[in-house]
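Please walk me through this structure. Start with what surrounds the ligands, then turn to a helix.

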Amino acid sequence: MSVSPVVPHHIAIVMDGNGRWATRRFLPRLAGHKQGVDSLRRCARACVQRGVGVLTVFAFSSENWNRPADEVSGLMELLAMALAREVPQLKKDGVRLHFVGERAGLSTKVRDGLAQAEAATAENTGLVLNVCFNYGGRWDIAQAAASLAARGEVITEASLHGAMGMAHVPDPDLVIRTGGEMRISNFLLWQAAYSEFFFSDRLWPDFDESALDEAIAAFSSRERRFGKTSEQILSAHPHPMPG
Ligand code: IPE
Ligand code: IPE
Ligand code: MG
């Protein structure tokens, strides 16, 4: 009997390994980041086909400013180029873009590009694509607390959630990290409280549809208990008998 996998509603990905992908080919690191954009396009399409509702990707962290200046400026230019090239198709495909992260640290050109891309896709009702750029989980928690304090509002789990950059989507069901590293690197610290994790040794540019399906299959086989016992989960949702 073949059972179709449970597709996560919200997948979040730490797209890691672009630099190593390039270095292994004796190419500059930026060539790996360019290939990473192609991989993201393929992954977003695959998510649409599989019925995923929300895809959140980590594209530039608060800590990535510590990289060599030419890599940082290359990444900023690549973002601007990718937006100019990809947004018209994303618009046609019904994808709604959101950028999550601190805008203040970005150039006016980049900020305008982000705002235009969001406005161009604001009416779309298909896949929600959140691009975390100049994002850090600690930054998000701190800025949410600061904005509540400035408004004189009480800090609760619900009010903090509502003031954070990902308030418009439910928490991720599945967090994938490519590139073989097993750490969170300041991604979605608040929102990943009950996410399932999947670590792939593939470098991000090599993460294709089959790798995505492998992650979804692994997710599908997990039992999400949210603090309960296995017996409680099974009595609420008994597994279908094979045959
Ligand atoms: C992830 O790939 C992309 C960004 C952080 C912008 P890396 O650039 O970290 O690739 P590796 O880890 O050096 O291979
Ligand atoms: C995390 O990758 C950030 C992004 C994918 C954008 P890094 O490559 O920067 O993470 P660390 O520094 O190895 O933990
Ligand atoms: Mg890395």
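The shell around ligand 2 divides into 5 nonpolar, 2 polar and 4 charged residues. Here Ala, Val, Leu, Ile, Met, Phe, Trp, Tyr, Cys and Pro count as nonpolar, Asp, Glu, Lys and Arg as charged, and the others, Gly among them, as polar. This is a predicted model: local features need pLDDT of at least 70, side-chain atom pairs count only at pLDDT 80 or more, and totals for chains, interfaces and linings use all residues. Residues are numbered from 1 along each chain as its sequence is written, chains are lettered from A and ligands numbered from 1 in the order in which they are written, and side-chain values use heavy atoms, with hydrogens and water left out.

Around ligand 2 are Val14, Met15, Asp16, Phe58, Ala59, Phe60, Asn64, Arg67, Arg177, Arg183 and Ser185. Each has a heavy atom within 4 Å of the ligand. Strand 2 (residues 54-61) supplies the largest share, 3 residues. Helices (H or I, at least four residues) and strands (E, at least two) are DSSP runs, numbered from the N terminus.

Now the polar contacts (pairs of N or O atoms within 3.5 Å; within protein, one must be able to donate a hydrogen and the other to accept it, and residues adjacent in sequence count only if both atoms are side-chain atoms). The side chain of Ser185 places an N or O atom 2.6 Å from an oxygen atom of ligand 2. For Arg67, a polar side-chain atom is 3.2 Å from a ligand 2 oxygen. For Arg177, the corresponding distance is 3.3 Å. Taken alone, ligand 2 exposes 390 Å², and the protein buries 79% of that. These areas come from the Shrake-Rupley method with a 1.4 Å probe; for residues, only the protein chains shown count as cover.

Turn to ligand 1. By class, its shell has 3 nonpolar, 5 polar and 4 charged residues. Helix 1 gives the most, with 3 residues. The side chain of Arg20 brings a polar atom to 2.7 Å from a ligand 1 oxygen. Alone, ligand 1 exposes 380 Å², of which the protein buries 87%.

Helix 3 (residues 69-92) holds Glu86. Is Glu86 buried or exposed? Glu86 is buried, because its relative accessible area is 13%, and buried means under 20%, exposed over 50%, partly exposed in between (1.4 Å probe, protein chains only). At 34% relative accessibility, Gln89 is partly exposed.
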